[in-house]
Amino acid sequence: MICYIIKGINPVLSDPPAGGSEEQTNLLFARSLDNKSYYEISQNNNRYFMNDLMVSLKDFIYTANSYQTIIVVLVAGFFSFLWLFFCWLIEDKNKEPKKQLVRLFFWGAFIVIPVALITVPLKYLLFGGRDPVTFPIWLIFINAILFYGLIEEYAKYAVLSDKIYYHLDFNRPRDGMIYGMVIGLGFAFVENILYSVALSANLWENLNLLTIRSFASASTHFLAGGIIGYFMGQAKFLGGNKKGSNRLILKGLFLAIIFHGFYNSLLLIIGKNNGNVWLIVVWALYIIGVYYFIFKNLRKIQKLDQHKLRLPKI
């Protein structure tokens with residue numbers, strides 16, 4: 001997702017220019033294998049990305065008082081805040097402190113920045129800035145799992161592990177799933193805001209696209225964060241020894257990476273096939289199936305909350 005946003009903001013990372021474009025792309029790819037070239041490409045593209053983003057943000061803020069901008073920001077964050085409200089209600093019903101939800105939402109929002117700074121030069125190094133839709137099917141899967149799955153989901157896991165896993169407020173199996181979802185929603189919120197900035201020149205024309213993307217992004221990160229959190233909650237209270245807990249955590253991280261990677265692969269393949277209806281149906285059924293898994297297991301672990309569980313010695 002992050003790479004799409006950057007591609008929308010930065011023309012340097014868009015498709016190669018016409019006229020010898022394939023040759024230029026291959027040459028750039030070959031040169032990037034050199035460490036010095038990689039360093040230069042990394043520095044240049046991070047600088048281009050930040051410069052273009054700041055210009056877009058300046059233009060965006062300049063029109064911040066218009067109804068147009070306010071509506072777009074609301075659309076960008078609507079589904080993130082809708083699911084956040086759902087998590088808030090669950091915690092309120094169980095009389096849990098809400099400060100952790102707010103704190104983790106902001107941490108999820110913050111990690112978008114380091115994730116972007118990692119994925120931009122790495123994607124340019126490996127693929128020369130080419131549009132993933134042009135890749136063969138097997139490379140689409142590798143690209144999606146590496147950039148959308150591995151990097152983004154590991155960042156969420158790192159926040160869960162470092163900021164809340166050993167905290168006293170993480171005292172029930174259900175908390176892991178809720179906290180993971182909230183981190184994912186923070187990530188999706190900033191991602192959608194950046195996407196709206198990239199489309200700020202034609203906001204009304206792209207409002208439908210932004211609405212669809214807002215739902216898709218919020219759902220993806222919400223579900224993936226919930227998968228990681230579910231298994232971290234299991235690991236903390238039901239994992240037994242340290243080895244068993246680590247196995248559960250790795251299982252959750254692996255499943256979240258595969259889910260996110262496969263989800264984005266389907267979207268890219270749909271784009272590659274000009275919006276094939278049957279592929280869209282497969283994508284929709286896939287999302288419904290993962291939603292079913294999340295809410296089924298949420299009800300399951302809520303039953304465990306009837307028991308007072310002590311913090312484990314890990």
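The structure holds 22 aromatic pairs. One of them joins Trp107 and Phe110, with ring centres 5.7 Å apart and planes at 90°. That geometry is edge-to-face. The model is predicted.

- Trp107 and Phe110 sit 3 residues apart in helix H5, so about one helical turn separates them.
- Trp107 has 28% relative accessibility and therefore counts as partly exposed. The partly exposed class lies between the buried limit of 20% and the exposed limit of 50%.
- Phe110 has 46% relative accessibility, so Phe110 also counts as partly exposed.

**Aromatic pair Tyr165 and Phe170**

- The ring centres of Tyr165 and Phe170 lie 5.7 Å apart, and the planes meet at 90°, so this pair is edge-to-face.
- Tyr165 is buried, because its relative accessibility is 3%.
- Phe170 is buried too, with a relative accessible area of 0%. Buried means under 20%.

**Aromatic cluster**

- Five residues form one aromatic cluster: Phe141, Phe259, Phe262, Tyr263 and Tyr286.

**Nonpolar surface patch**

- Phe85, Trp88, Leu89, Val102 and Phe106 make a nonpolar surface patch of about 500 Å².
- Two elements each give two or more residues to the patch: helix H4 (67–93) and helix H5 (99–110).
- Helix H4 supplies the largest share, 3 residues.
- Phe106, a member of the patch, is found in helix H5.
- Phe106 has 56% relative accessibility, so Phe106 counts as exposed. The cut-off for exposed is over 50%.

**Helix H10**

- Helix H10 runs over residues 242–272, which is 31 residues.
- At 1.5 Å a residue, helix H10 should span 45 Å.
- At the start of H10, a side-chain oxygen of Asn241 comes to within 3.3 Å of the backbone nitrogen of Lys243.
- Asn274 follows H10, and its phi is positive, near 55°.

Notes:
Residues are numbered from 1 along each chain as its sequence is written. This is a predicted model: local features need pLDDT of at least 70, side-chain atom pairs count only at pLDDT 80 or more; totals for chains, interfaces and linings use all residues. Side-chain values use heavy atoms; hydrogens and water are left out. Helices (H or I, at least four residues) and strands (E, at least two) are DSSP runs, numbered from the N terminus. The expected span of a helix is 1.5 Å times one less than its number of residues. A polar contact is a pair of N or O atoms within 3.5 Å; within protein, one must be able to donate a hydrogen and the other to accept it, and residues adjacent in sequence count only if both atoms are side-chain atoms. Patches are made of residues with over 30% relative accessible area and no salt bridge: like charges are joined within 9 Å, nonpolar side chains (Val, Leu, Ile, Met, Phe, Trp, Tyr) within 5 Å. Accessible areas come from the Shrake-Rupley method with a 1.4 Å probe; for residues, only the protein chains shown count as cover. A salt bridge is a side-chain nitrogen of Lys or Arg within 4 Å of a carboxyl oxygen of Asp or Glu. Buried means under 20% relative accessible area, exposed over 50%, partly exposed in between (1.4 Å probe, protein chains only). Rings of Phe, Tyr and Trp (its six-membered ring) pair if their centres lie within 6.5 Å; planes under 30 degrees apart count as stacked, over 60 as edge-to-face and the rest as tilted.
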